[in-house]
Amino acid sequence: MARLEISGLITDNRDRLKLIDKLTKSKAVKGVILEVNSPGGSTTGGEGIVEALAKLRAKKPVVAHIGTVGASAGYMIAIAADHVVARRNSITGSIGVLFQLGNAKKRLDTIGVKMDAVKSAPLKAEPDFYSDTSPEARAMLASVVRDSYDWFVDFVAEHRGLYEATARGLADGRILTGNQALSAKLIDAVGSEDDARQWLVSEKKLDANLPVIDWRKEDNEPGLSFIGKIAQMFGKGAAAAVFGYSPIRKIVLPEALMLDGLVSVWQVPAIAETENPGGAKQ
């Protein structure tokens with residue numbers, strides 16, 4: 001049996017897709033335990049993984065186990081398996097999509113940086129981080145989010161055997177414990193990874209003595225977001241000034257802000273660290 005871990009922030013990662021493809025083609029792998037511990041990430045990153053898992057499921061059984069958290073795109077990936085097990089207190093659900101907007105206009109004005117653009121049309125390259133979002137741009141984004149959200153809801157309804165209206169009622173962004181998710185039929189069982197493995201043995205008739213081997217990959221860094229683009233264009237000093245970095249106080253931004261495009265992610269809080277001149281952290 002193979003153990004495939006999906007953890008951390010989900011991005012559109014080619015190396016991970018190659019790994020799933022190798023699992024699919026491997027004659028040595030008889031079944032797969034999909035260990036999910038992720039708050040989500042990019043919607044397209046989740047979509048790519050579920051497409052790869054569909055090909056994997058066509059060749060061999062896949063059981064998902066949700067650890068601490070399997071929310072949003074993380075939950076999307078988990079339900080692409082044949083059977084879904086979560087801990088009683090795992091965080092699940094958070095079915096939804098968002099497009100994050102960052103606006104540094106006031107900070108740029110403060111440091112004397114002025115941005116301008118010549119566009120072929122008003123909605124080209126909207127939204128940006130240096131001006132207010134127009135009503136037209138916001139309406140465009142709302143349309144894109146709604147289309148992606150409808151796809152997510154349909155995916156949940158199909159893979160969990162729910163009526164569309166039922167799936168939509170659960171897709172208001174709420175999180176649930178594993179116990180609540182079981183009652184809502186968003187997962188199949190509450191238990192441990194051993195319980196997930198036992199399902200492969202009892203339901204898919206795999207040999208109980210088969211060893212569980214970890215299949216791993218090296219995660220790639222996400223592409224540049226608007227924060228990275230500021231640093232690229234104006235240097236790290238400008239990015240530091242815009243987002244409040246300093247030798248005295250360093251704000252570590254949540255990884256979710258490093259994603260461009262549609263995001264299916266449960267909120268990841270920012271971490272703040274205060275440093276004194278001597279380097280000691282408090």
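Q: Before I read any numbers, what counts as a contact here?
A: A contact means heavy atoms within 4.5 Å, and on that basis residues 24 or more positions apart account for 74% of the contacts in the chain with a separation of 6 or more. This is a predicted model, in which local features need pLDDT of at least 70 and side-chain atom pairs count only at pLDDT 80 or more, while totals for chains, interfaces and linings use all residues. Residues are numbered from 1 along each chain as its sequence is written, and side-chain values use heavy atoms, with hydrogens and water left out.

Q: OK, how much of the chain is buried?
A: Of its 282 residues, 43% count as buried, that is, under 20% relative accessible area with a 1.4 Å probe and protein chains only, where exposed is over 50% and partly exposed lies in between.

Q: And which residues have the most contacts inside the largest nonpolar core?
A: They are Leu4, Val32, Leu34, Leu53, Ile77, Val156 and Leu186, in a core of 47 residues; such a core is a set of buried Ala, Val, Leu, Ile, Met, Phe, Trp, Tyr and Cys residues joined through side-chain atoms within 4.5 Å.

Q: What does isoleucine 77 touch, then?
A: Leaving aside residues up to four places away in sequence, isoleucine 77 touches Ile6, Ile10, Leu34, Gly46, Ile49, Val50 and Leu53.

Q: Switching topic, is alanine 28 buried or exposed?
A: Alanine 28 is exposed, because its relative accessible area is 64%. The C-alpha atoms of alanine 28 and alanine 2 are separated by 9.2 Å, although these residues are 26 apart along the chain.
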